Amino acid sequence: MKLSSKFKEKTVFSFEVFPPKKTSPIEAINGNLGEIASLCPDYISVTYSAGGSGNTSATSEIASLIKEKHGIEPVAHLTCLRYSKDEIKSTLDDLSSHGVENILALRGDENPDFPPKDDFRYASELVTFIKSYGDFDVAGACYPEGHIEAPDVATDILNLRKKVDAGTDFLISQLFFDNSYFYAFRERMKIAGISVPVEAGIMPVTNKNQIERMVTTCGASLPQKFVKAISRYENNPEALRDAGIAYAIDQIVDLLSQGVEGIHLYTMNNPYIARKITESIKNLINA
């Protein structure tokens with residue numbers, strides 16, 4: 001099923017999971033994946049390994065498992081910076097053979113250990129290639145506070161327009177903790193003539209190290225309300241987990257009241273977090 005049609009029917013609610021480490025078998029994710037899938041999201045996306053060392057076979061295998069075993073539409077992440085066109089074709093053929101019809105097209109992170117190839121420089125080029133090669137819906141990433149490499153938000157929105165013009169069907173936002181940035185981003189989209197659906201990416205913070213990594217890699221701003229909660233409970237793991245869930249729920253309720261087109265929950269492969277949030281907002285999503 002092509003997921004772009006889902007946005008015409010309802011507020012989309014989706015999850016993200018990631019493959020196990022290379023040293024672990026795919027089966028290591030089975031238990032958590034089964035619990036997460038039992039919550040019946042509209043789709044589950046499967047990430048690529050960070051830093052350019054992705055394992056396409058793991059992503060494809062988990063995506064096919066989500067569809068064939070759990071009956072939920074998968075979205076396979078696909079990066080392009082260090083792959084040739086022939087390698088991308090091979091991955092697309094593999095995904096298609098497993099019935100995967102939806103792809104999140106990404107440039108991928110630069111990594112000195114994995115030098116880039118010359119076939120793709122930007123995600124927009126990957127979108128164009130996917131659309132010309134196969135029958136896929138293509139999602140794209142967007143950045144409410146601007147991409148960390150962009151000189152300013154105006155440049156970032158112009159680059160996003162290029163990606164959408166290349167054929168992107170819907171967008172999934174980078175995580176953020178201050179909804180005002182997302183609302184300002186939607187206004188910039190409107191001014192730029194970008195009208196595809198956009199899901200708000202929400203990550204419940206469960207430990208202090210996690211948030212420090214996120215801020216370093218994506219540059220998300222931390223509101224004082226959020227910082228105080230982290231500082232108050234940082235030495236109490238269960239309290240911090242529950243505070244992170246409560247903060248995420250508060251964000252989601254506000255976003256839904258403002259007519260957001262979708263919520264994409266970064267689950268960190270944690271069924272407890274996914275369930276707590278789903279149970280708290282399910283009536284709002286379906287309203």
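## Glu35 and its contacts

Glu35 touches Pro271 and Arg275, leaving aside residues up to four places away in sequence. This is a predicted model. Glu35 sits in helix α1. Is Glu35 buried, partly exposed or exposed? Its relative accessibility is 40%, so Glu35 counts as partly exposed.

Now compare Glu35 with Arg82. The two are 47 residues apart along the chain. Their C-alpha atoms are separated by 34 Å.

## Helix α1 against helix α10

Two packed helices are described by the angle between their axes and the distance between the axes. Here the pair is α1, residues 30-37, and α10, residues 271-285. Their axes come within 9 Å and cross at roughly 5°. An angle under 35 degrees counts as roughly parallel, and α1 and α10 are therefore roughly parallel to each other.

Which residues make the contact? From α1 come Asn32, Glu35 and Ile36. From α10 come Pro271, Ala274 and Arg275. These contact residues divide into 3 nonpolar, 1 polar and 2 charged.

Helix α3 covers residues 85-97, which makes 13 residues. From its first C-alpha to its last, α3 reaches 18 Å, close to the 18 Å expected at 1.5 Å a residue.

Which residues of α3 are buried? They are Ile88, Thr91, Leu92 and Leu95. These four cover an arc of only 100° around the axis, so they lie on the same side of α3. An α-helix has 3.6 residues a turn, so residues three or four places apart point the same way. On the other side of α3, Asp86 and Ser97 are exposed.

Just after α3 comes Gly99, with a positive phi of about 80°.

Notes. Residues are numbered from 1 along each chain as its sequence is written. This is a predicted model: local features need pLDDT of at least 70, side-chain atom pairs count only at pLDDT 80 or more; totals for chains, interfaces and linings use all residues. Side-chain values use heavy atoms; hydrogens and water are left out. Axes are lines fitted to C-alpha atoms, for helices over the stretch in contact, and angles run from 0 to 180 degrees between N-to-C directions. Helices (H or I, at least four residues) and strands (E, at least two) are DSSP runs, numbered from the N terminus. Angles under 35 degrees count as roughly parallel, over 145 as roughly antiparallel, 65 to 115 as roughly perpendicular and the rest as oblique. Contact means heavy atoms within 4.5 Å. Ala, Val, Leu, Ile, Met, Phe, Trp, Tyr, Cys and Pro count as nonpolar, Asp, Glu, Lys and Arg as charged, and the others, Gly among them, as polar. The expected span of a helix is 1.5 Å times one less than its number of residues. Buried means under 20% relative accessible area, exposed over 50%, partly exposed in between (1.4 Å probe, protein chains only). The arc is that of the directions from the helix axis to the C-beta atoms.
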